Amino acid sequence: MTSAAKAKLEVLADPDALARRVADWLLAVALAKSGSFAIALSGGSTPRRLYELLASPAYREKFPWSRAHWFWGDERFVPHDDPLSNYRMVREAMLSHAPIPAANIHPVPTEGLGPEAAAIAYESELKAFYGADRLDPARPLFDVILLGLGPDGHTASLFPDTAVLAERERWVAAVVGAKAEARITLTYPALQSSAHGAFLIAGREKQAIFARLRRGDESLPAAHLRPTGDLIWFADQAAASAEVRSFD
């Protein structure tokens, strides 16, 4: 597993350059893989530009949409048409503009059931896609996981001082009480079962927490994310320290 100490860092000039670099990287990774390609998406504002780029003509005509499967690393427990919905954001930015088979889109269920039932249902869907009830380190669940970094060091909906941080058996869990709305999140075992883990970090407001992550601050949930494969931090110059050389 790849720890923060062994993560690769790429610093880009600004959020747009970051999105373009990650789009190029993701396209290359997808084309290099034969067969189905599974991606766990991140919510929030930083990756939206990436999703818009993937659906633009330059990438839409090259990406292997027919064999790519789209999952979510976490979701707010709100209807899919709610402004807070991560699914809605991705749908507006990418899903509705790209030739993606409906069967390849795997949103977290958030309607007609409670948070715990939603977590169980999503875990069942992941297991059906994976074809097994136990994760094999030699066969990652995801080819790519896209991750964000919260101001408190959370990633997905793995918040500090919550019980889900200790979960090692379940793949999906409900997080109730940490935020105003309940969350459904992939747990460490599921998030770490990935050939490539990529954090997208942008904005000066992330500079202090990103510095702590790079130092390996074990109090941050994001610092415990150790993918089976490689780990890359894509950051813009505002989020990274001044002494780090920019790639764009």
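Tutor: What follows starts with the sheet and then widens to its surroundings and the whole chain.

This is a predicted model, in which local features need pLDDT of at least 70 and side-chain atom pairs count only at pLDDT 80 or more, while totals for chains, interfaces and linings use all residues. Residues are numbered from 1 along each chain as its sequence is written, and side-chain values use heavy atoms, with hydrogens and water left out.

The open sheet consists of three strands in the order S4-S7-S6, paired in the antiparallel sense; strands are DSSP runs of E with at least two residues, helices are runs of H or I with at least four, both numbered from the N terminus, and two strands pair if DSSP finds at least two bridges between them. At its edges lie strand S4 (74-76) and strand S6 (172-175), each of which pairs on one side only. From one strand to the next the twist averages 15°, where axes are lines fitted to C-alpha atoms, for helices over the stretch in contact, and angles between N-to-C directions run from 0 to 180 degrees. Three bridges link S4 with strand S7 (residues 183-186) in the antiparallel sense, and glutamate 75 has isoleucine 184 in S7 as its bridge partner. Helix H5 (residues 115-130) packs on this sheet, touching S6 and S7, and its direction makes about 160° with that of S6; contact here means heavy atoms within 4.5 Å.

The loop between helix H4 (86-93) and H5 holds histidine 106. This residue counts as buried because its relative accessibility is 7%, buried meaning under 20% relative accessible area, exposed over 50% and partly exposed in between, with a 1.4 Å probe and protein chains only. Leaving aside residues up to four places away in sequence, histidine 106 touches His69, Trp70, Phe71, Trp72, Tyr122 and Glu125.

Elsewhere, strand S5 (residues 142-147) has six of its six residues buried, so it is largely enclosed by the rest of the structure. S5 runs parallel to strand S2 (residues 37-41), joined to it by two bridges, with alanine 40 partnered by isoleucine 145 in S5. Five bridges pair S5 with strand S8 (residues 194-201), again in the parallel sense, and leucine 146 stands opposite alanine 198 in S8.

As for the whole, the protein has seven helices and nine strands, and buried residues make up 53% of its 248 residues. Among contacts between residues at least 6 apart in sequence, 76% join residues at least 24 apart.
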